[in-house]
Amino acid sequence: MLNMTVHNLYIFDRNGTCLNYSEWNRKKQAGISKDEEFKLMYGMLFSIRSFVSKMSPLDMKDGFISFQTSRYKLHYYETPTGIKIIMNTDLGVPNCRDILHQIYSTCPCRLNLTRDQIKQPGVLLYTSP
């Protein structure tokens, strides 16, 4: 069994709307509103994906899947429908692509996202411990 610290999890739709945000063990807050944090995260992902696709010396089948700083590791998974799942963990966590796919596949809200968005556009599903 894998021991890992998860700091937070974001789920975005194909247009950059944050559908879900959860956090655990996050010791430092960003100091900005959640909406601004979501925009920055989505913009950074857009930029990194563009950079990786243009600079890669090889044809990348999976594209961008993760990056790390000296403090955390960001794991990224995108579905064929454009749903993006981002999880920040401690540095010792290996590739989480299968875990993120499992989160998407088993997420109870997965089947209701479109219906909920139509009923309540712009409403953020936010969870915290």
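## Elements

The protein contains 3 helices and 6 strands. Helices (H or I, at least four residues) and strands (E, at least two) are DSSP runs, numbered from the N terminus. Starting at the N terminus, the elements follow the order β-β-α-β-β-β-α-α-β.

This is a predicted model, in which local features need pLDDT of at least 70 and side-chain atom pairs count only at pLDDT 80 or more, while totals for chains, interfaces and linings use all residues. Residues are numbered from 1 along each chain as its sequence is written, and side-chain values use heavy atoms, with hydrogens and water left out.

Among contacts (heavy atoms within 4.5 Å) between residues at least 6 apart in sequence, 49% join residues at least 24 apart.

The protein exposes about 8,500 Å² (Shrake-Rupley method, 1.4 Å probe). Carbon and sulfur atoms supply 55% of that area.

## Largest pocket

The largest pocket has a volume of about 530 Å³. Its lining consists of 18 residues, and Asn 8, Arg 26, Lys 28, Tyr 72 and Asn 88 lie nearest its centre. A lining residue has an atom within 4 Å of a point of the pocket, on a 1 Å grid; a pocket is an open set of points where a 1.4 Å probe fits, with protein on both sides within 12 Å along at least five of seven lines.

Strand E1 (6-12) and helix H1 (34-55) are the elements that give two or more residues to this lining. The largest share, 4 residues, comes from H1.

How values were computed. Grid points are joined across faces, edges and corners, and a volume is the space filled by probe spheres set on the points.
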